[in-house]
Each structure stands twice: as C-alpha cells, then as structure tokens.
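Here's a quick briefing to read alongside the model. Have the structure open and click along as you go.

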Amino acid sequence: MNLKATAASSTSDGTSDSSAPRRNSKKPKYSRFTQQELPACKPILTPGWVISTFAVVGIIFIPIGLASLFASQRVVEIVDRYDIDCIPETLRNDKLAFIQSRETNKTCTRSLTVPMDMKSPIYVYYELDNFYQNHRRYVKSRNDKQLQSKKNENETSSCDPEANASNGLPIVPCGLIAWSLFNDTYRFSLSSKVLEVNKKNIAWKSDQGHKFGDDVYPKNFQSGGLIGGAKLNASKPLSEQEDLIVWMRTAALPTFRKLWGKIEVDLEANEQITVVIQNNYNTYSFGGKKKLVLSTTSWIGGKNDFLGVAYLTVGGLCLFLAISFILLYFARPRPLGDPSFLSWNSDPAGHMN
Amino acid sequence: MTSGQPLLSSSFHASDPSSGFPTPPSNISSFSCLCHTASSASSNFEDALSHSIDIKDGDPVAIEDKVCSQTIAVESDSAVTTDQFQPVDSQLFQQFLLECPRQEVKRVLSWGTMEVHNNSTSFEISGTSLGQEKLNKSQRIHHKSMQFEDAFSSEENPRLIYINDPRRTNDKYEFTGNEIRTSKYTIITFLPKNLFIQFHRVAYLYFLAIAALNQLPPLAVFGRTVSLFPLLFVLVVTAIKDGYEDWRRHRSDRKENNREARVLQSGRFVMKKWKKIRAGEVVKICVDETIPCDMVLLGTSDPNGIAYIQTMNLDGESNLKTRYARQETTSTDFEGGTISGLIRCEQPNRNIYEFTANMEFNGHRVPLSQSNIILRGCQLKNTDWAVGVVVYAGQETKAMLNSTASPSKRSKLENYMNRETMWLSVFLFVMCAVVALGMGLWLERHKDQLDTLPYYRRIYFKNGLDNRKTYKYYGLVMEIFFSFLSSIIVFQIMIPISLYITMELVRLGQSYFMIEDAQMYDSSSDSRFQCRSLNINEDLGQIRYVFSDKTGTLTENKMEFRKASINGKNYASPSHTTDHPLQEITSAERTERQRWKLKSEINVDSELVALLTKDLAGVERNAAHEFFLTLAACNTVIPMVTQRLSSSCVDSGLHEVEAIDYQGESPDEQALVAAASAYGYTLIERTTGHIVVDVNGERLRLELLGLHEFDSVRKRMSVVIRFPNNAVKVLVKGADSSMFNILAEVAANADPRDAVSVNIRHATQNHLFEYSSQGLRTLVVAAKDLTDEELEEWQCRYEEASTSLTERSTKLRQTAALIECDLNLLGATAIEDKLQDGVPEAIESLRQAGIKVWVLTGDKQETAISIGLSCKLLTQNMQHIIINGTSEEECRNLLADAKAKYGIKPAKCRNKNLKRKKNVDSEYVEIPDDTRTSNVSEPANGLQGVRQVRGASNVSQQRHAGKAAGMTNTPLALIIDGNSLVYILEKDLEPELFDLATSCRVVLCCRVAPLQKAGMVDLIKSRTSDMTLAIGDGANDVSMIQMADVGVGICGQEGRQAVMASDFAMGQFRFLKRLLLVHGHWNYQRVGYLVLYNFYRNAVFVLMLFWYILCTAFSTTSALTDWSSVFYSVIYTSVPTIVVGILDKDLSHKTLLQHPKLYGAGHRQESYNMNLFWITMIDTLWQSLVLFYIPLFTYRNSQIDIWSMGSLWTISVVVLVNVHLAMDIQRWVLITHIATWGSIIITYACMVILDSIPAFPNYWTIYHLALSPTYWLTILLITIVALLPRFLFKVMQQTFWPSDIQIAREAEILRKLPNQLGLKPDQDSS
C-alpha cells in the first residue's frame, strides 16, 4: 500500500468569494476538518505493496511456524485410555452396573512406558471425552457468591437440582458442577518406588485467592440420593480444595483435560511407570472416554502441531503468492492510474476477454 | 393575423366566460378551477403568434403571413390558425371546460400534496406557474368552485363568529384559544408518551421482544439486567435528545404566547397576552407588528381599507400583499363605539390561499374572501394600523395547521438494505431451526440418560429416586421450542438493529459536512447549504434525472430591464460588461435632480436618454414619454421612500437623498418601474386616488380614475388616469398575445400615417421575436386617449362593477374591455431574467455524469428554448421534437410520428430489457446518449460478475440496432407544452411519452402547471427505478419537490415555500453539481460500505457463536461473557464504523468535479448491490469458520476453560472486524486511527475490567491468557487467515478489473497530476 501523506490542497478556491466579509455571516468558517481536507494518508494497492505484504507475512510466519512446530515436537506426551481396560473383562457387558456398584473393586493397575526423556515438571492430566462441561444447564449450575464467602452459604440460586440437601439445608458447594466432581485417583510408582505427585498449585492462584473462600467449608455435600462424584474433605476450606477449583473451571469443549498433579522428577526414556488407578468416575453412562495423560510442556503449551503447521502453510502460501504476483506484474503490467482503462475510454469489447 | 382579429374582438363580449365563472370578488386574480386547461388553451394561441416552429399533424408548413409581410413558420395552414385563434377567450375555452371532466382534474390534483379540498366541490391548487411569464409572477392564482356562494351557504357546519363578542362566540362552540403548543410533551406525559412514540419503531420493538423473551426463566440466556442494557441504552439516549428538543420548543412557545397585542375591551384597546386572545375579539395591529391570529380585516388606517402585509413567515414571499377591509366596515369607529356583527366562515383548514365566509354587518350580508383576512405570522407593513376580528386562533390558525413536517422519505439504499435484512432474517431462522432441531435429536438420543447425565440431570434426587420431579424440563416439544427461542436471543444481533442507529448518526455527520462546505455557501443571499431531511443523503449519489424549474432556479429571478422597442425603434441598455453605473452617465445631465436613489442601479441607453431630454416635441419623443409614463404608472408597485444619508461620489460630500424601494408582487413590474425611474420617470407616491411621478425633476400628479388589475384571462392590466391638463388616458401593458388584438385597427395602404403605424407594428413584432429568442421576457405597452363619452360610459360601468357583490371580477373584466381596445402601440419592453452563475457549466457536468436534466417551466416556449440554449441544455445540433397538441388524438399522432421518425423502441421491448436487467440484479441503466463514441459504459467492477457485462452488451447491441433503424445519431430534444401534457398525462399516452422522453437527451416542458411538474416526475418515478431529483425555488415547485425522490429547494427570490418542502436547500443552482458529484458520491460510497460492513460485522459474530453452539450439545451456551456479547456491537466495534461512514472518502472533490463520469459508480450501484451482499456473506462465512476453528484446533485436547476460550474469541473477532475495516479505509486521518485502533484497545480495557471483578466466573482470565504466547499467535493467525481471501480478491480485482474510481484514485495519488486523467474523457462531451 502506498502511504502518502498528501498535503491538503490549499484553500485558494474556498476563500475566493469571501471578499466582502460580513458581520454575522453564515459563511462556514474555513477549517481543514470541515472542508474534509485534513492531511491524510491514502493507501492504495500498488504492486510493490501487494508483493511486500505477502512477502512480509510469509517471512514472519515461516519462522514462527518452524519454532512452534519444533516446540510441539519436543513435548513428550503419554496418553493412556483406561476406561474400558480398567473394567474386568467379565463385567464389561454391563459397565454401568460395575461402576455403580459399591462392592466391586475399582482398583486397576496400568503400566506406561516413557517414550523419551521427560523433564520435570511432568504434568498429570485426566482427559474426559463426550462430557459437555459447556452445556448451558451445567455451566450455570453454580453459585459464585456462595463459593466466595461463608456469609453467602444460603445463596443457592441457579444451583438446582443440587441446591439443597434432602433436609432442606443448603449444599456447599452447590450445583451440578461441584456435584459431578471427578473422583478417579492415580498412584504412580517407578520400579516399585513411589513417584510423588504434587497436588498443590494445580489451580489458578486467582481462583484460590478470590473465588473460593478460605472460610467456606463443604456442607451437606454429596448427601443426596445420587452421588455425582468425589466427596470433599469437610475440614478443608474450599480454597484448598484444588481439585474442585480445577474442575469448576468448566472446559470449553466436550473433550478436555484437567490438571491432576505434577510429577517433579525427570523421567528417562523406556522407564516403566506403574499407575494404580481408582476407577470411580462414571463416564460409562454417557459413553465418555477416560484417559490419563502425562506430558511435559513448552512455551507453546502441550503437544499440538496445529499452530506450527498452520503457520508454515500460511507463510508458504504467502510467499508463493508474493512470487506469483511478481511474475504477474511482469507478465501483465497495468500502469496505475492509466486513463485508458477507464470504462468510458476503453473499448466495450475490450473488457469481454 | 388580422384575419383573426375581428373574430376575437367581436366575440369578446358575447363569449366572455363570465356566465360560467362567477369568481369571488377578489383582487388577487382568480379564475376557473380548470385553470391549467384554460390557460394552456390560450397559451397555445400565443405560441402560434410568436412564430414558433412546431410539428402539427406531422408536416410543418411555412406560410407567409399576409399582413406582416414577413416569412414566419407557422406549424399549420391558415384554417388551423384561425381555429387556434378562437379559443383565447371564447369557444374552445368553454369547450375545454366540457372536455376536461372533473375526475381528470382530480387525478391531476392527486399527484401533489396540495390540498384537495373536498368541502363540497371547491378545491384549489396553489400557485400555478402561469403567472410566471406574466406580470404577476409570484401572485398566487387560486380559484374556487363555481358554486362558491352556494357551496358556502349549504355548508352544514359553519363557524359562527360574533364580532366583538367573544363570550357568545365561544359559548356555543369549542374554539381553541390563541395559545399555541408546538411541544409534544409535558413533564407528566413525557415518559409514557415518549416511550410510546419510540416504540413505534420496529427496531425498538424487536429489542423489547428479545429482552422480554430473555426474562422467561427457561430462556434466560443472558443475565436479566444485561439483556435490557441495549434497549435501555437507545431508549435513554433518544429520550434525552427528544427531551432537549422539546424543552427548546417549550421555551419558544412560551415566548410566543406571552407576546402582547391590543384587544378591544369595553370600548378601548388594551394590551393583552397573545395566549389570552379568543375568537370573536377585535384586535388592533400597528405597523410592523406581527399578527397574532387569523383575522378578518374590519378597518385600517387607509381610508379605503387597504392593509399591506408581509407574508414572509407564512409562505416566504418577501413582497407586500394587499388586503382589504370591506367598505361596509372601514368607516366604523372602533374605539368607543360598539360594533357587532356575525361572521360565518368555514371550519379551520390549512389552505392559506382560500377563505370562504360571509359577514352580517349592520344588516347587510357581505361575502368575505381570502383578500379580507390577515393570517397569523404575517407582519403589517406600510399601514399605520389595522383592526380585525379573530376568526381562527391558536392551533386552528392556518399557520399552525400548515406547520406539519413534510412526509419523510426513505432512501433507495435503505430499501435495498431492508431487502437484505429479510435475507438475514432467513439466515437467523435457519440457524435457530438447526439449533432447535439438533437439540431435539440430541434429547431424543439421550432420553434414557437425561435423568443422571452429570451435565444435564433432569430430575431431583433429593428424596430418593421415587420422586420424579424434573428440573427445568418441559417435555421434548417444549424444549425444542424453547431452544428455538433462546437461540433467537443469542443470535439477535444477526438483524443489525444497531445499523439503523449507526446510519442516523452517520447521516448526521455527513449532513454536518455538507452544511459546513464553504463552497456551497451562497454569499449573495448569505445562505448555507441546508439539510432538511436526514434520511436520503446517499440518494444524492444515484440521481439519474434532474427536474429543474427555470425561473429562479436556472435564472436569478432578478428581473432586469434590458431592451425597449419604442415607436418601432430598438433601444438596448448596455450590458453589464461595459459597466457604467447610473451616476456616471446621468450625473452630467441631471445632477440637480439626482435625489432619487434607487436600490438597484440600471444602465441606460444614452441615445434614449438623449431623446427624452430633447425639448422638441416630436412623435418619437411623445411616444417615449408616454411609454415611460405607462411603465411608471401602470402597475401595482408601491414605492417606499426612506430618508437616508448618502455620500455621493459626484458631490464628494454628504447630502440627504431619498432612497426609494419598490415593493410589489411582481418582480417584472418592479424592474419596469425601476427602469422608468432610471430614465427619469420616477414613481414616488401611489395611493388609491392618485399617482405622483417625478418626470425629470417635475412632479406630475396623475389622478387615478381606475385600475384594471392583471388577470390571466386578459393577460394585461390597464390604468385610467387624468392628467393635470384634464386629458384622460388609458395606459395598458400586457402580453404580446393579448395586446396585438386590441390595437387600433389600421388598414393597409391607407394614408401615410397608417402606413407608419403599420411599420411600427411590424418593427415591434420583429423586435419582440428577437427579444424572446434571446430569452427575454416581453411586454407590449400601449395607450389611448379617452373621449369624454367613453370615459363617462366606462366610469359608470366601473363604479357599478367595482361595488357589485356578485361576479365582480367578471363585470370588471367586461368593463375593462370597453376601454382596452383601439390602442396605440407605444412599444415593447424586454426584461432579462439573468442566468445564474455557473448554470451552463453545472448542467454540462451533470450531463457528463449521466444525469438527464429536464427543465419544467411555466414560461412560454420561445423563452424556454432560448434559456435552454443559453444554459447549454440545448445545442444547435440537436433535433428538436416539438409536441403541441390541442387534443388527445393530436397528441397521440404527434408522439407516434416522432417515435416513428426517430426509431424509438416501443415500450414492450424496453420493458423486456428492463426486466432482464432486473433479473441480473444489477439494474444496469443505459447511459445517456452523450457518450457517442462508446454508448455503453462497462461496469468494470469485477465484483459485479460476468453476467452483468453480458447483459450490458446486449443492451448496447440493441441500442445500436435501434439507432441504425432510426437513422440518426443526432441527439434529440423534446419540447412539450403544458397543454399537450393535459392530454398526454392520461394513462394510455403516458407510456408513449415515457418512451419518447427517455430517448431524448433533453426534455423541455413549457407552460406546465405545478401538478403537471409533479406528473412528469411521476412519469419517470413510476416507470423506472431511477432516482429523480427535483429542484425549484417557488411555491409552484412544491408538488414536484415532494414527488421526487430527492427534493432540492433554492432559497431565492420567491420565498421559502419550496425550501420548506424540500429535503435539501441551497442558494444557487450551480451547487447542485457539487452536491451530487462530490457529496452525493461520497455519501453513497460511505453508506453503501457502511451497510455491508455492518451486515458482515454482526453476521461474523453470530456465526461464530453458532458454530460453538453446535459443540455444546445445542444448548445455546455462549462462551463469551454476557457483557462482552452486549458490548460487541455497542462499544467494541461501533465507533470505527461511524467514523469511517462520516470521514472516509475515496476521491478528492477536485477529481470528482473534473471527471463527472465518475458519478456513474452510483448509477451502476457499485457500492451496494445484491452481488456484493452475497460476496460479503460468503466472506463472512469463511471468516467465522476461521474464527471458530483456529482456536478450536489450537486448544484441542488442552485444559482450556470456557471463559478463556470466550475471551480469545471476543478479542479475535474484535481485532478481525477492525482490521477488516482498516483494510477498506481509503483515507486515514488521525480520527480514523484513533477510532480503529482505539476500539481494540478499549476492548482490551473492558475485558481487563470485567475480568477483575471476582463475582464473575471469568475472573482473571485475561491475565492468564496474556501470559501465553499461544494466545497471541492464535489471534495473529486468525486475523491473517481470515482476511487472506478477501485481500487476495481485492488485489486481483484491482489488478485485472480496476473500477473507474480506483483508476482515478491511483491517478490522483500517484501522479498528483489529475489533469492527465482529463485528457481523454472530455473529448466526447461537446
């Protein structure tokens, strides 16, 4: 684009008829603003600007793409789906009965192989699928006031159907989100040595500090007819219930991961990690998958090649366009501002081809 | 020609149409209700006389006039000529009456907005244009029904006013007091009434419905307060605006109501506030006071009961009008004496040119008419006092009844916009249906799990499973229905309601710049451009037809005495180029007499001055003397003498001069009187009894025995005066057509004196022909001595006629005929109505821009043609088609012949073309014939697609074919007169005229009545989709101005009536060029882009939400916070669109003015059309997909929460739409930068604020996001990927299919030599 600050045309024609200035004349006062003659830059798409625009985009995008692709490639990720495998084969016909029964042993042991060296911290996620945490009924089913402060304990509006316990007292924390808190647990061990999982600082500091009060303790939680998920330690204030805080930051998409903890030791390639899973959470009723994810991180986040690929593609396309336009302008130049291209100057037939 | 004369003079008495036309005793000339029919008939006669070249019956025949012994081309053989002569006053005149049934007239009437006053059978047109060419130019000609008296007496419900008995008057009837209220509200009614008025807008109802829906618990998509925010916002803003306006009205009302006037109370006039005045009271007005209510005049300071009033506030005419008190009441002593009487008048109506009433006074019953009332708002002038009785007060006064606003117009673009809004509604419906259907299917699929589904949980489990109480579940069907409704709430901004508010603001800003444009300021009248209508700014960029009035619009309507033919000799005032001020020439000869200083100065012919100052009494000298005496005496001009000090450059000292200002109803008369004064015949004093003329320093007191005012039947006026030496003369001046028939008869080849007078007559006629072909307005002056017998007979009849109560004007006309015969020709005058500055250039530019300029004038044909030539409307190489028909059949034949001769395609063929054009939806309209080398202007804009180019080329081929058959490339000019239009503007001939007129380069309509002007506009408007613009300055243009798509008023000499009815008003015709080519172009580009952009802006947002909803099990969740959703169109993105809509401009005004053809972009609808809409929608779809899917893929399998995602989407969409806008901005000024980038910054600021409130679930989101590079990279990627196709498209289009505007823009910016562009385009415009 051609940036030219054209100096506003001078005022000679505008003031010519003001030779006889009158008192109280209605003549508009001259100003560049009112005469729409403010200095302005008027960009136009010259070949130079077009080519350099494409070239610049290409030149910026390709390195970014390469960098993010590289970063993404360096992230080591172990994903293990266990929702089916953790049900004894004999009971797989009726998963729902298995998960809903109080008697069945839900412990399950999985063995994971570390594909590459993993630098600490290694994040432990659980991934749920087909779980619409973004459903409107679900998203709204919470009360932020109640979570914030003890004095708002009775604020249970919009929490139905998990607002009040059967005795009529308010449930703290109320609502479907809290009620459906994820309750699988994982214990990691590396060659029979327990791998400590740090469950602190997995939630946002801002949430802990301001949204979940340190004087709010769980009450009447999971006391209804239907147990939705995890129970909470009634002696710990909500601000310290980090699993709850993470859970209550509802996911944007029906497939989502949530941070469960951090392993703060490096892992080496081909090490075998044993995970003992308490498979409590019922995703079988809606056919949701459960996965355990161990992942390192990079500046780009988790393992996701999309950004890198997209940047590379767009950058490449722009470079290609830049080159094509260079050729094009050589092959078929159109002089800019050539009056012979004006519709009333050109032969009408000329436009047909 | 003499062959016609005896016929006429003999038939004059017998066939005077008096019996058929009892007209009210009005001093304003009145004539029949079929005025245009009748007058057109007589005008046709004039046309014949003044040697026009017409087509009659298809074969123009040149015949030699026997008497004139001079070859003139008359359009028909002599038989037809005699036929034509007859109608003037007699047979055909009545014949027309019979032929022209009332229904037709009513139909004609219904074109305009002029009142069709259906009180019994009386109706009227205000201000026909007939007077224009005559002396009484601006005189309102009105007429009443034949059954004037009957109609009134049969009026069922007359208003009874007991004079000076307000109690009795107001007891029986509920008349309003004189308090006026223009304000709409009081403090108590403000809120409900204002809300009521506001909710008349569909937009607000839509807002309300959405907000109401959101209040229902199952549908509460947004928080309740949030959803009310947009509605409350617009309501409050509008209410504040309305409240302020109303407060100002209250203030002015209060001021008006508390003014004081003298009211008769128990025999004395005491001051009383206006608001206390009641109907029936007697009020006294002193000089220069404003009249507080509509009153019937009872008496004035003038013994004859004359009062002069200025009606500036009412109809805007600045001249004085005379009003009369009835003779019966003038002598009454008001103060002290008791007066009583009863006035029966019609119910209040808004017709200011009519008043029907009668009065019982002292046992007499006298009729009252419009000339007997003075109206509220007028000012009393030149009369010491006037006393009247209040008949209408307050809201019932004509001024108040007339103060309603003119009907609002809607722009063409807005109509298209509404069509596209319907499409958007369809999209909205489809999206909602998809969501609802998806919801239904999803519920059906999961119906077994719903009870326990963690994110749905249909039932309570409080008291065990047995209690099946459901939570917010209303059954499948209802859920689908609610889902539909709640998706309407989420997608509500798909219908861009905010666009209507944005457009209003943008137009306001555009109007500001138009008003402030220094180059549309007229210094002579100190008037700026005015925008009276804010709805149609963008229509100015698409005007295809301009209908222009002539007098006062193309011309200045400042009459200047130019030439005189005296005694057969031509005298010409030197033109302005050799400017000799009055003093220079005259000072040497008559310094001592130089007492009278005129406000306008006139150049005099020195030869003529010499002749006048010669002492010897020759024939020439006498003729000249009488000639100027007639000019000075035979008129209705009132001299107003004012003392003032003036420094004369001759005396080089201060001395007192008496300046004379002539006030009169007709500018022509004023010009003549001023001219007479310049030649030493200064009119000093005029009363009803005598006239004083200063003849070269000597005061000549002439006794005024009688005066026959101008009327449009006689087309002349005369005065009978007695000279100091007791000689009595009748002095006559009038239109040439009416004067030559009443000249003294001369037998050819008789004695030498007669031969001389024959020669003079021929010479004068030659001069008249010459004058009118130069575009001058002509009058013939004649006089004769009256013998005592003639005088006696006349005086007797005159007395009787002027005091008669019935048919006064008819009787007066008969009386006039007694003396207006056998006159001696003195000479003729020529008055120039000067062309305004820059008119030819403006017309030429408009024509190059592809705008057809049609001139509709009340003038006669030759004047119209000559003006047409002088303003370059007509050129010599044009083929003139002249249609002058006197019957329907004749007109039909003339039209058919013309069409056959020039090979004009019949209507059907063209219609087919039109239809096809419509199908392609480009509505390509042919460019007028001025592009002779290339007849078709190609839409070079690639956006419009190939089909259109094809369509255009088809049209061009057909046009070429038509041309070939029609033999000629010569541009055609159609000249048609009002008489023919009477027949043609019937349904069956209208298409013919339309075909013919649209094939002509120029159309000139002469002698058209106001409603015919509107009819011509309607002819185009009803048959094409082309935009029409009407421009005029007088009341006779009002109907045309209101009929046209865009009405432009010229604030000129003829008052403000046209301005009041117009959408835009300006001082000069030439500003039209700048208005259309520059501001029209800009406004069209701006608004066109604004609309498309707003559609895009809202749709991209809604589509993004829609894609997300598909990922939330159709549950209408919005990832965006409520406030962001609401702020999006109100705060985040609204300001840049408004700024760009006001400030952006593609080309500088210089380029636009230099290349008028760039205006064609508006004709081709390049800025807004259906194709552009669909392209924009496809682009929108792409951009919304990018917006949605890039974050989706980027954050797939991550732990991103819904609010972070929403935050990302919010900022992405705001950045995207603003960068999109930035890409299209053509002119970056500081404000644009601030608005565009500021919006993005403001959005961030809002999000930071919203995310800092712990009560919101989205607390702290933005802080977390901003730390991650992925967030920023995602935004960058979205912006680039979303805009890449658009940018590519733009580049390709500009490279391969550049539009005219773009090329001009490149030339303007790169070369900085705009002239180079002009080398070619101008060559084919001649």
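Let's start with F429(B), which is exposed at a relative accessible area of 52%. Here buried means under 20% relative accessible area, exposed over 50%, and partly exposed in between, using a 1.4 Å probe and protein chains only. Keep in mind that this is a predicted model, where local features need pLDDT of at least 70, side-chain atom pairs count only at pLDDT 80 or more, and totals for chains, interfaces and linings use all residues. Residues are numbered from 1 along each chain as its sequence is written, chains are lettered from A and ligands numbered from 1 in the order in which they are written, and side-chain values use heavy atoms, with hydrogens and water left out.

**The nonpolar patch**

- F429(B) sits in helix α14 of chain B; helices (H or I, at least four residues) and strands (E, at least two) are DSSP runs numbered from the N terminus.
- Together with W423(B), V426(B), V430(B), V434(B) and L1110(B), F429(B) makes a nonpolar surface patch of about 500 Å².
- For patches, residues need over 30% relative accessible area and no salt bridge; like charges are joined within 9 Å, and nonpolar side chains (Val, Leu, Ile, Met, Phe, Trp, Tyr) within 5 Å.
- The areas come from the Shrake-Rupley method with a 1.4 Å probe, and for residues only the protein chains shown count as cover.
- Helix α14 (residues 412-445) is the top contributor to the patch, giving five residues.

**A buried glutamate**

- E820(B) is in the loop between α24 (808-819) and β29 (824-835) of chain B, and at 2% relative accessibility it counts as buried.
- The E820(B) side chain has a polar contact of 2.7 Å with that of R716(B) and another of 2.6 Å with that of S718(B).
- A polar contact is a pair of N or O atoms within 3.5 Å; within protein, one must be able to donate a hydrogen and the other to accept it, and residues adjacent in sequence count only if both atoms are side-chain atoms.
- Beyond four places in sequence, the contacts of E820(B) (heavy atoms within 4.5 Å) include H708(B), M717(B), V732(B) and I742(B).

**Salt bridges**

- Searching the whole structure turns up 52 salt bridges over all chains, each a side-chain nitrogen of Lys or Arg within 4 Å of a carboxyl oxygen of Asp or Glu.
- R110(A) and D80(A) pair up at 2.8 Å, N to O. R110(A) is in strand β4 (residues 107-113) and D80(A) in strand β3 (residues 77-81), so the bridge ties together parts 30 residues apart in sequence.
- Both partners are buried, R110(A) at 16% and D80(A) at 9%.
- K199(A) bridges to D243(A), with the closest N and O atoms 2.7 Å apart. That pair spans 44 residues, from the loop between β8 (197-198) and α7 (205-211) to helix α8 (residues 242-248) of chain A.
- K199(A) is partly exposed at 27%, and D243(A) is partly exposed at 28%.
- A salt-bridge network links E77(A), E127(A), R257(A) and K291(A).

**Confidence in chain A**

- Chain A has a mean pLDDT of 85, with 91% of its residues at 70 or more; pLDDT is the predictor's confidence in each residue, from 0 to 100.
- Residues 1-23 of chain A stay under 50, and the model gives them 44 contacts beyond four places in sequence.
- Residues 347-353 of chain A are also below 50, with eight contacts beyond near neighbours in sequence.
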